Amino acid sequence: TRSLTITSTDQSMFEKAQGEKVTLPCTFELSEEDEGPLDIEWVLIPADNQKRELIIIMYSVDRVYDQYYAAETRRMQFTNLDPKSGDGSLDILNLKAADTGTYQCKVKKAPGVQSKKIQLTVLVKPARTKCSIEGSQEIGKDVTLKCVSQEGSPLLSYDWRRISGTQNLPATSVLNKNTGELLLKNASREYSGRYSCVASNRVGTDECSVELNVTPPVNTAAIIIGAIIGTLLGLSVLCSIIFCFCKKHREKKYEKEVHHDIREDVPPPKSRSSTARSYIGSNRSSLGSMSPSNMEAYTKTPYSQVPSEDFERAPAQNPAFAPSKVAAPNLSRMGAVPVMIPAQSKDGSIV
């Protein structure tokens, strides 16, 4: 018995680059025996067999249903606006890496049922490729040029070439196309120049470059000696600063201690006024005990020799005493020897 058949069987695998468009073919022919409603359904079969198939788009009873795969709405659509004409192909726009998988087209018109599987692989072009140099760029050393793409579907292939000078790689170079490493053994001045790396896969290429400058070996001994001398000088300057700081700190501390130190064993200095008063008091006390024998020596000492302004002002503050008018007692009756008592006159002399 004749039934519907899918006629697009020529290609079952597609490889496309990310961002491109792909058309998955699914054409069919109906038979006279197929009398039921026409259903066309596209599903995505996950790589994990434990997961269920995901319906992408569907045509049934003259109507298109594309809300099943909401995340991909408007990116996946039927190629023909009227799929019942025999063309149920699927267009996928702006391909993404996540679109990689197995797609199945199912056509149903009872009692006939047919399906076709198509494998789609979305490849990502190499992008953000970076070049670098590893190792010392000195004469006689081994230098490694590295090339890595941050994006890109495997399998990526790397190729180095020289874009300056002879444009040929050095004879001692070793290239690893899978890792992107170019080893230059026993480098010389002639190796200097600009090198370019091209990363590629089946859908695109990307490129980067780097400048190699091979120089004579550095005098490490001189560098070490210079570093040691510089370190010693720095330490000496630091020690000098610390010493000056400590010295200044000790001086300030000593000044503070001297300023606040109170000696309890040393009496406070006497003022000039107290000295003069003590001098006057001593002289006055000596007047009472003075005898006629030492009166002559005492009168020879002038009061003007006392070095005190307070003493000179003493007569003004304390009026001179006048000779006593009280009658002297009869000392002869008392059996005592009479004593002459000196008196001070108005001009300051002793009488």
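1. A word on the model first. It is a predicted model, in which local features need pLDDT of at least 70 and side-chain atom pairs count only at pLDDT 80 or more, while totals for chains, interfaces and linings use all residues. Residues are numbered from 1 along each chain as its sequence is written, and side-chain values use heavy atoms, with hydrogens and water left out.

2. How many disulfides does the rule give? The count is three, where a disulfide is a pair of cysteine sulfur atoms within 2.5 Å. In general terms, such a link is a covalent bond between the sulfur atoms of two cysteines. With the bonded cysteines numbered in sequence order, the pairing reads 1-2, 3-6, 4-5.

3. Let us start with Cys-26 and Cys-105, whose sulfur atoms lie 1.9 Å apart in a disulfide. This pair links distant parts of the chain, 79 residues apart: Cys-26 sits in the loop between strand E3 (22-24) and strand E4 (28-29), and Cys-105 in strand E10 (residues 101-109). Strands (E, at least two residues) are DSSP runs, as are helices (H or I, at least four), and they are numbered from the N terminus. The torsion about the S-S bond of Cys-26 and Cys-105 is about -70°, so this disulfide is left-handed. Cys-26 counts as buried because its relative accessibility is 0%, and Cys-105 counts as buried because its value is 1%. Buried means under 20% relative accessible area, exposed over 50% and partly exposed in between, with a 1.4 Å probe and protein chains only.

4. Next comes the disulfide from Cys-131 to Cys-208, at 1.8 Å from S to S. It too links distant parts of the chain, with Cys-131 in strand E12 (residues 127-134) and Cys-208 in strand E18 (residues 204-212), 77 residues apart. The link of Cys-131 and Cys-208 has 75° about the S-S bond and is right-handed. Both cysteines, Cys-131 and Cys-208, are buried.

5. Cys-147 and Cys-197 form another disulfide, with 2.1 Å between their sulfur atoms. Here strand E13 (residues 143-151) holds Cys-147 and strand E17 holds Cys-197, distant parts of the chain 50 residues apart. With -90° about the S-S bond, the link of Cys-147 and Cys-197 is left-handed. Cys-147 and Cys-197 are both buried.

6. Now look at strand E17 and its partner E14. Six bridges join E14 to E17, and the two run antiparallel; strands pair if DSSP finds at least two bridges between them. Arg-162 stands opposite Tyr-195 in E17. Strand E14 (residues 157-162) has a covered face of Tyr-158, Trp-160 and Arg-162, and an uncovered face of Ser-157, Asp-159 and Arg-161.

7. Finally, Ser-196 is worth a visit. Ser-196 lies in strand E17 (residues 193-201) and is buried, with a relative accessible area of 1%. Its side chain makes a polar contact of 2.5 Å with the side chain of Glu-207; a polar contact is a pair of N or O atoms within 3.5 Å, and within protein one must be able to donate a hydrogen and the other to accept it, with residues adjacent in sequence counting only if both atoms are side-chain atoms. A polar atom of the Ser-196 side chain also lies 3.4 Å from the backbone oxygen of Cys-208. Leaving out residues up to four places away in sequence, Ser-196 touches Asp-159, Trp-160, Arg-161, Ile-163, Glu-207, Cys-208 and Ser-209, where contact means heavy atoms within 4.5 Å.
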